[in-house]
Each structure stands twice: as C-alpha cells, then as structure tokens.
Amino acid sequence: MYRLALRITLSSQEAEDVVQDVIIKLWKSSDRLGEIDNLEAYTLRMTRNLALDRQRMKINQSESLDATADDTATAQPDVYTNIERQERIESIRTMMNSLPEKQRIAMQLRDFEGKSYKEIADIMEITEDQVKVNIFRARQTVKSKLTSFNT
C-alpha cells in the first residue's frame, strides 16, 4: 500500500497519510470485509483512489508553489552532475514520474509490486488488455528515454 501511495503522491509523508486513512476506513468497515472477494485488490484500489484524490487536491491548491520549487530544483544541477549514480537514479525516477498516471500506476504494480495483470485490472478498474497496453507503453517510453539519455 505504501509503495503504491508513494509512487502516486511522490511524498513519503503523503503516502503514510494515505495508508493511515485506508487502514482507518478498513477498520471502520471491518464488519463488511467478509463480503469482499479479493481484499488485497480492494485495499490497493482504495489506496490508489485516496492517493489520486490527495494528489489532485495538492495540485489544485499549490500550483504556484510547485512552479517555484521547480525553478529552485533546476537552478542547482551541479549537485547531481558530481555523482553519476545519483544522476541516473534521479533521471529514472523523473522518467517514471513523467509517465501518464495509468501507465505509471500499472508499471509500479506490475514491475515493483509483482501483481498479476488480473490483480492490476481489478485495482485500476480497467480491463486486462488495457493493463497490458499501459505497461507496454510505459516500458517503451522509459526505454526510449534511457536510450537517449545514455547517448
């Protein structure tokens, strides 16, 4: 739950808050949990939805603050040029974060969480074919960006 929330919110504090909110909601509805076929998919879907809601609220409330933070981050590129490994990690993280939402989440669930296509489809409330397409496109985008980065 935490890794998925972190991938969406890009903030460890926000991710922790999302997980805490999901656990609270699960606790409050514990009497109905027996009716759920796949509890893991259900909790991950809740995590995804809450994280996306928080992210949208955050974007709407602080667009001007984000622009200022981006200016500050680009003003000091020398920090990452001194450490090649840090630069690659950061660029891969940026590549992943620049993916469209569905591609990023599908890739996170498949490649980092090890979920099956069916589980991902249940979590994201899309078809398995759509999951496969999103993962394929995400991998192709990251691959092409890595290729251009290394040349």
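I started at the ring of tyrosine 117: the charged end of lysine 132 sits over it, 5.4 Å from its centre. I keep in mind that this model is predicted.

Arginine 110 lies over the face of tyrosine 117, at 4.1 Å from the ring centre. I also looked for aromatic pairs and counted zero.

Next I turned to helix packing. Two packed helices are described by the angle between their axes and the distance between the axes.

I took helix 7 and helix 8 (residues 117-124) to begin with. They pack at an angle of about 140°, with axes 10 Å apart. Helix 7 and helix 8 are therefore oblique to each other. I noted a right-handed crossing where helix 7 passes helix 8. Which residues meet here? From helix 7 I listed Lys102, Ile105, Ala106, Leu109 and Arg110; from helix 8, Tyr117, Ile120, Ile123 and Met124. Sorted by class, this contact has seven nonpolar, no polar and two charged residues.

I went on to helix 1 (residues 2-9) against helix 7 (residues 101-112). I found an angle of about 150° and axes 10 Å apart. That angle makes helix 1 roughly antiparallel to helix 7, because angles over 145 degrees count as such. The crossing of helix 1 and helix 7 is right-handed. On the helix 1 side, I have Arg3, Leu4, Arg7 and Ile8 making the contact. On the helix 7 side, I have Arg104, Ile105, Gln108 and Leu109. By class, I get four nonpolar, one polar and three charged residues for the contact of helix 1 with helix 7.

Note on methods
Residues are numbered from 1 along each chain as its sequence is written. This is a predicted model: local features need pLDDT of at least 70, side-chain atom pairs count only at pLDDT 80 or more; totals for chains, interfaces and linings use all residues. Side-chain values use heavy atoms; hydrogens and water are left out. Rings of Phe, Tyr and Trp (its six-membered ring) pair if their centres lie within 6.5 Å; planes under 30 degrees apart count as stacked, over 60 as edge-to-face and the rest as tilted. A charge sits over a ring if NZ of Lys or CZ of Arg is within 6 Å of the ring centre and within 35 degrees of the ring normal. Axes are lines fitted to C-alpha atoms, for helices over the stretch in contact, and angles run from 0 to 180 degrees between N-to-C directions. Helices (H or I, at least four residues) and strands (E, at least two) are DSSP runs, numbered from the N terminus. Angles under 35 degrees count as roughly parallel, over 145 as roughly antiparallel, 65 to 115 as roughly perpendicular and the rest as oblique. A crossing is left-handed if the near helix is turned anticlockwise from the far one by less than a right angle, and right-handed if clockwise. Contact means heavy atoms within 4.5 Å. Ala, Val, Leu, Ile, Met, Phe, Trp, Tyr, Cys and Pro count as nonpolar, Asp, Glu, Lys and Arg as charged, and the others, Gly among them, as polar.
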